[in-house]
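Dear colleague,

Please find below the structure that I am handing over to you. My notes on what was found in it follow directly after.

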Amino acid sequence: MSRLKLFLPLGLFLILVGLLYAGFSLDDPARLPSTMIDRDFPSFEMSQLEDPDTMVTEAIFGGRTVLVNVWATWCPTCKAEHAELQRIQEETGLPIIGINYKDDADEARAWLARYGSPYEFNIYDPQGRLGIELGVYGAPETFVVDAQGRIQFKWVGDVNRRVWNNEFLPVLQALEDQAAL
Amino acid sequence: MRLIPMMLLLKLVAGLLLALSAAMVSSPALAAIEPVEFATPEQERRYRSLIAEMRCPKCQNENLAESNAPIANDLRLMIAELIRDGQSDREIRAFLQERYGDFILYNPPLRADTLLLWLGPFALLLIGVIVVWRIIRGQPQAPQATTAVDEARVRELLGDSDTQTDRDAGSDRQGA
């Protein structure tokens with residue numbers, strides 16, 4: 001018994017190492033888990049950026065898998081991921097719906113005219129109200145919305161090639177497999 | 001001639017100190033809050049208490065009241081609007097928690113998966129109390145006098161007779 005007690009510090013040390021290992025191997029602590037996963041895309045009614053007279057509602061979802069990308073012209077990371085979104089759209093044909101988040105409409109339209117638009121269309125959210133409904137806390141954020149209009153995945157930060165291959169493709173593959181069943 | 005730059009330097013230092021003290025007086029909590037109008041002082045009190053207890057999702061260690069992040073600004077306005085709409089504190093907390101998760105609450109809910117968070121400190125305190133209690137209880141017994149038997153054994157072990165040690169080892173093995 002007293003012999004076993006000698007191993008107590010070693011045991012405590014190993015527990016500490018385990019905790020630290022788990023703690024430090026966690027993802028970026030700035031990345032919050034989304035509460036929106038597996039929930040319906042929140043209902044909304046907002047105008048389209050490209051054509052302010054056209055109102056958009058959550059009825060645009062359903063029947064197909066889409067990406068929803070929250071972006072703004074004031075967000076440098078959005079510019080960085082823009083080319084990747086264009087590549088994704090061209091190579092996969094996946095529809096991308098933009099949410100132009102807390103932005104100036106004229107600047108946003110000019111931006112799209114200048115760099116090209118990977119978006120099918122953009123929802124204009126100048127107050128960030130749809131953003132709050134979605135739990136957005138910074139741009140860019142990208143959601144995967146399935147054919148039932150449910151949010152399946154959310155990525156905070158830029159979508160680059162690595163993120164696309166490692167994070168998005170498995171989710172999209174799983175959705176495809178589900179649909180095939 | 002050399003006095004003039006000195007005076008300038010002094011003035012500069014004094015000015016900096018003044019600016020610094022002014023910055024310290026206006027607390028960051030007040031600096032970040034934009035003017036929000038409420039119908040009653042009660043609503044304003046609720047607003048201040050809610051934005052103080054909610055965490056900013058962008059800047060990890062600031063509450064909504066202190067944060068200058070755009071999202072904190074938006075959420076403050078949202079909370080003000082919900083208060084004006086007549087929502088209760090509980091409903092407003094639920095509204096934000098539904099969208100931003102437990103993270104937004106500085107006061108985490110007591111649930112099965114947060115039990116360790118709530119009870120952990122008490123468990124550690126209990127362990128500490130037990131350890132201290134055992135140390136205190138064990139102390140009077142610590143300076144134990146060596147008994148006659150011990151002394152005999154010590155002398156025996158210190159004795160350089162090989163045969164005796166062998167015999168002892170042998171008897172140990174028999175005893176085991």
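**Confidence in the model**

Chain A has a mean pLDDT of 92, and 97% of its residues reach 70 or more. Please bear in mind that this is a predicted model. Within chain A, confidence is highest in β5(A), at 97, and lowest in helix α1 (residues 2-5) of chain A, at a mean of 81.

An open sheet of 5 strands is found in chain A, in the order β5-β4-β3-β6-β7, and its pairing is mixed. Its edge strands are β5 (121-125) and β7 (151-156) of chain A, each of which pairs on one side only. On average, neighbouring strands of this sheet are turned by 20° against each other, direction ignored.

The pairing of β3(A) may be followed in two directions. Towards β6(A), the two strands run antiparallel and are joined by 5 bridges; here the bridge partner of A:L67 is A:V144 in β6(A). Towards β4(A), β3(A) runs parallel and is again joined by 5 bridges, with A:V70 standing opposite A:I99 in β4(A).

From strand β4 (residues 96-101) of chain A, 5 bridges lead on to β5(A), and these two strands run parallel. In this pair, A:G98 has A:N122 of β5(A) as its bridge partner. Helix α6 (residues 161-180) of chain A lies across β6 (141-145) and β7 of chain A, and runs at about 175° to β7(A).

**The contact between the chains and the nonpolar core**

Chain A and chain B each bring 12 residues to their contact. The side of chain A that touches chain B consists, by class, of 6 nonpolar, 4 polar and 2 charged residues.

The largest nonpolar core has 53 residues. Those with the most contacts inside this core are A:Y101, A:V145, B:I51, B:L64 and B:I79. Which helix gives the most to this core? That is helix α4 (residues 70-84) of chain B, with 6 residues. As for B:I79, this residue touches B:Y47, B:L50, B:I51 and B:I92, residues up to four places away in sequence not being counted.

**Backbone features of chain A**

In general, most residues other than glycine have a negative phi, and most peptide bonds are trans.

A cis peptide bond, with omega about -5°, joins A:A139 and A:P140. A:P140 is found in the loop between α5 (129-134) and β6 of chain A.

A:D38 has a positive phi, near 70°, and is a residue other than glycine.

Is A:K102 buried or exposed? With 20 C-beta neighbours inside 10 Å, A:K102 counts as buried, because the cut-off for burial is 20 or more.

**Two further residues**

A:L20 is located in helix α2 (residues 8-24) of chain A. With 10 other C-beta atoms within 10 Å, A:L20 is exposed.

In chain B, B:R93 belongs to helix α5 (residues 89-100). B:R93 counts as partly exposed, having 19 C-beta neighbours inside 10 Å. The C-alpha atoms of B:R93 and B:L105 are separated by 7.9 Å, and the two residues are 12 residues apart along the chain.

With kind regards

Technical notes: Residues are numbered from 1 along each chain as its sequence is written. Chains are lettered from A and ligands numbered from 1 in the order in which they are written. This is a predicted model: local features need pLDDT of at least 70, side-chain atom pairs count only at pLDDT 80 or more; totals for chains, interfaces and linings use all residues. Two residues are in contact if their C-beta atoms, placed from the backbone, lie within 7 Å. Ala, Val, Leu, Ile, Met, Phe, Trp, Tyr, Cys and Pro count as nonpolar, Asp, Glu, Lys and Arg as charged, and the others, Gly among them, as polar. Two strands pair if DSSP finds at least two bridges between them. Helices (H or I, at least four residues) and strands (E, at least two) are DSSP runs, numbered from the N terminus. Axes are lines fitted to C-alpha atoms, for helices over the stretch in contact, and angles run from 0 to 180 degrees between N-to-C directions. A nonpolar core is a set of buried Ala, Val, Leu, Ile, Met, Phe, Trp, Tyr and Cys residues joined through C-beta atoms within 7 Å. A residue is buried if 20 or more other C-beta atoms lie within 10 Å of its own, exposed if 12 or fewer, and partly exposed in between; C-beta atoms are placed from the backbone. pLDDT is the predictor's confidence in each residue, from 0 to 100.
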